[in-house]
Amino acid sequence: MISLNGNDFRTIFSGIRDNIVNSRDMLTGLDSALGDGDLGITMCRGFEEVQKALEDFEDNDVGKILVKAGMVMAQTSPSTMGTLIATGFMKAGKAVTGKNEITLAGFHAMMEAFIEGIMVRGHAKPGDKTIIDALYPAVEELLKAVKEEKSIEDGLSAAYEATAIGAETTKGMIAKHGRPSYYGEKSIGKEDPGAAVGVLIMKAFAEYKRM
Ligand SMILES: [Mg+2]
């Protein structure tokens, strides 16, 4: 593949839904340790509704698909993480509006807009023990992959590996935002639930193969 098109994105969103649904108990467990334990349920609901909406959304503009995903997520998952991810998808969509196909460079621009949207909305920066700690290293890997003219598959798999390592590093961090921050230093040793969501999103991109 040299690019991802609208149909690829529709299929990838069903992959994200599968990853989230299959990890519902894991997300609930992580969120119970640092929050109110509703993350598994809210993320499943949101990504299930996004997937259904995209099935019926016939536009092939990748930007519009991402904006649609963000709007549906905002409506169906009115939680902190739902709102942040919705913002991320909407900003990502705006970064690639008008494109029916995106290359690895376009994917980098899209993910950069995704994390910037979340950082602005959530006032979060790297090191705050959030989803950003999983996705920021992925965006850096994507830029490196673009510069090295890697294939889209190699770029996505490097980005996924970076998110997994990034999520792991959140165990050593003190939470600065939301309910996890109530735990202060007691949040050390626990993985950030939002970072785990970031890993599941990137995993679907990395494992996607066009049929
Ligand atoms: Mg929660």
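Ala, Val, Leu, Ile, Met, Phe, Trp, Tyr, Cys and Pro count as nonpolar, Asp, Glu, Lys and Arg as charged, and the others, Gly among them, as polar. The exercises below use a predicted model.

**Exercise 1.** State how the residues of the lining of the largest pocket divide into nonpolar, polar and charged.

Solution.
- Step 1: The largest pocket, with a volume of about 500 Å³, has 27 residues in its lining.
- Step 2: Thr-80, Met-81, Gly-178, Arg-179 and Pro-180 are the lining residues nearest its centre.
- Step 3: At least two lining residues come from each of helix H3 (39-55), helix H5 (80-95), helix H6 (104-122) and helix H9 (193-207).
- Step 4: The division is 9 nonpolar, 9 polar and 9 charged.

**Exercise 2.** Find which element gives the largest share of the lining of the second largest pocket.

Solution.
- Step 1: This pocket has a volume of about 160 Å³.
- Step 2: Its lining includes Thr-11, Ile-12, Gly-15 and Asn-19, and also Tyr-208 and Met-211.
- Step 3: Helix H1 (6-22) and H9 each give two or more residues to this lining.
- Step 4: H1 has the largest share, with 4 residues.
- Step 5: By class, the lining holds 4 nonpolar, 3 polar and 3 charged residues.

**Exercise 3.** Name the protein donors of the magnesium ion, and explain why Asp-36 and Asp-38 count as partly exposed.

Solution.
- Step 1: The donors are Asp-31 (OD), Asp-36 (OD) and Asp-38 (OD), at 2.1 to 2.6 Å from the ion.
- Step 2: Along the chain, their spacing is D-x4-D-x1-D.
- Step 3: Buried means under 20% relative accessible area and exposed means over 50%, with partly exposed in between.
- Step 4: Asp-36 has a relative accessible area of 42%, so Asp-36 is partly exposed.
- Step 5: Asp-38 has 30% relative accessibility and therefore also counts as partly exposed.

Definitions and conventions: Residues are numbered from 1 along each chain as its sequence is written. This is a predicted model: local features need pLDDT of at least 70, side-chain atom pairs count only at pLDDT 80 or more; totals for chains, interfaces and linings use all residues. Side-chain values use heavy atoms; hydrogens and water are left out. On a 1 Å grid over the protein atoms alone, a cavity is a set of points where a 1.4 Å probe fits but cannot get out, and a pocket is an open set with protein on both sides within 12 Å along at least five of seven lines; lining residues have an atom within 4 Å of a point. Grid points are joined across faces, edges and corners, and a volume is the space filled by probe spheres set on the points. Donors are N, O and S atoms within 2.8 Å of the metal (3.2 Å for Na, K and Ca); water is not among the atoms, so sites may look incomplete. Buried means under 20% relative accessible area, exposed over 50%, partly exposed in between (1.4 Å probe, protein chains only).
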